[in-house]
Protein chains: 4
Amino acid sequence: MIIDQIQIRVRYAETDNMGFVYYGNYAIYYEIARTELIRKLGLSYKEIEAEGVFLPVNLMEVKYIKPAKYDDVLTIKTTIDTKPSSRLSFKHEIYNSENELLNIGKVSLTFISANTGKPCKPSKKFEDIININFLTN
Amino acid sequence: MIIDQIQIRVRYAETDNMGFVYYGNYAIYYEIARTELIRKLGLSYKEIEAEGVFLPVNLMEVKYIKPAKYDDVLTIKTTIDTKPSSRLSFKHEIYNSENELLNIGKVSLTFISANTGKPCKPSKKFEDIININFLTN
Amino acid sequence: MIIDQIQIRVRYAETDNMGFVYYGNYAIYYEIARTELIRKLGLSYKEIEAEGVFLPVNLMEVKYIKPAKYDDVLTIKTTIDTKPSSRLSFKHEIYNSENELLNIGKVSLTFISANTGKPCKPSKKFEDIININFLTN
Amino acid sequence: MIIDQIQIRVRYAETDNMGFVYYGNYAIYYEIARTELIRKLGLSYKEIEAEGVFLPVNLMEVKYIKPAKYDDVLTIKTTIDTKPSSRLSFKHEIYNSENELLNIGKVSLTFISANTGKPCKPSKKFEDIININFLTN
């Protein structure tokens, strides 16, 4: 298991008429959370793309419990439970500053070769990094 | 069952670095699809809000199959399978102009009273409209 | 002069905490307006990009007069006053359904060659189309 | 004069088909920059709204020089040149990590009373804070 945690402040642009964060915008927060997790492991999503691998999302499930509001500082806890094959799955939990659980998101991505447009395995470097961090965590 | 269908053209702002519609933006398309379905039934979401009822999303599941691209004209087929209680559930299927299924989204909303902040039943008018359309469809 | 007019309905996702369309989102409306104007002339922005020419924005000026609200049907009047050189300039006026002027946007784009990354002239086809429509309008 | 500086990392969701930050999204960056400047002065925009004053934008001018790209860390330099009356004006300069100037934005906001919907003066507290910081900077 690999765990990470980041904080994000809700922007005005992300709120809606109801006064809450628009339900589709949590996908952005999840994206930032997984990007920063990967960065802390010593890689970057940009680097992965530069090596000819895209990581489109194949599945997203969001359970909305409570809304986030403008200017809230949110904590996003992100977990990788399973070692990636051609897929890489994240679980995200978003908490507000009162430590209330606002929503839970599961996002699964597929490694796609930019050349073939087909699913592929992660790079050796990526696998090594995951393996090391699964051991040490 | 209630069925509706709308068309949407992909905007430049909705695409991302990969050249595809950003995965979080389909939530916007689903929102438009359910809004227009409700409008065709003779109501409007704006009117529902004006009567003191909010409809926040409590669950969203998206299965991504193929990406939508800039300027694509997408067809969104929307279905209400079950009569609403305090919840209202939609199933959306998005197709491109080659009639390829791009993704499937399930979105469930809760009727919330603006006064109490608690789940509530839909208005009599809303229930009547749903009942009539379940019969006639 | 070339004039066009389109209608857009305000989406929930485009509103903010104030209950109005977020001030940055009018840039999206302007983009749709100029895209549709070009399409009506017989071209498409997608086609221009496919021919190796990008059209990034070099200048935007927006004067905000009144806010647009959720579900409003807006009319966007778009004008090209000057024949394009390496730049193409649009003036947009957005009106609500009461015909109140909500804002005025001026957006100037530069033709950039995808090969050189430098400003370039529009294609012969594009120039011809503009010339024909300046004459006939 | 009051000066502030913040850093922002470009999100995937903010890029477009061209591989750059969508031109309308800089408005979001400017908003964050002015919000954080106000916060450092000891106020918060949320607090201002809670006191019954909205700050809608009445004017935005953006000069786009170079594009920002995915994952870039941007520096936004924000300046208040003039003491606010019923208007509050910011100048923003965005730089990438090579210290290249990407764009310049001028954004002017109007203090609006939530009660009357009309322009109003900033609160005494706000004026005092601005005055103190104009003196000490």
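Me: What counts as a helix here?
Reply: Helices are DSSP runs of H or I with at least four residues, strands are runs of E with at least two, and both are numbered from the N terminus. The model is predicted: local features need pLDDT of at least 70, side-chain atom pairs count only at pLDDT 80 or more, and totals for chains, interfaces and linings use all residues. Residues are numbered from 1 along each chain as its sequence is written, while chains are lettered from A and ligands numbered from 1 in the order in which they are written.

Me: What follows helix 1 of chain A?
Reply: Gly42(A) does, and its phi is positive, near 110°.

Me: What makes the span of helix 1 close to the expected one?
Reply: The expected span is 1.5 Å times one less than the number of residues. Helix 1 of chain A covers residues 26-40, which is 15 residues. Its first and last C-alpha lie 21 Å apart, close to the 21 Å expected.

Me: How do you know that helix 1 of chain A is mostly covered?
Reply: A residue is buried if 20 or more other C-beta atoms lie within 10 Å of its own, exposed if 12 or fewer, and partly exposed in between, with C-beta atoms placed from the backbone. In helix 1 of chain A, 11 of the 15 residues are buried. Among them are Tyr26(A), Ala27(A), Glu31(A) and Arg34(A). Across chain A, buried residues make up 39% of the 137 residues.

Me: Which elements make up chain A?
Reply: Three helices and seven strands. From the N terminus they run β-α-α-β-β-β-β-β-β-α.

Me: Why is chain A called as compact as a globular protein of its length?
Reply: The radius of gyration is taken over C-alpha atoms, and the globule rule is 2.2 Å times the number of residues to the power 0.38. For 137 residues the rule gives 14 Å; chain A has 16 Å, which is close, so the chain is as compact as a globular protein of that length.
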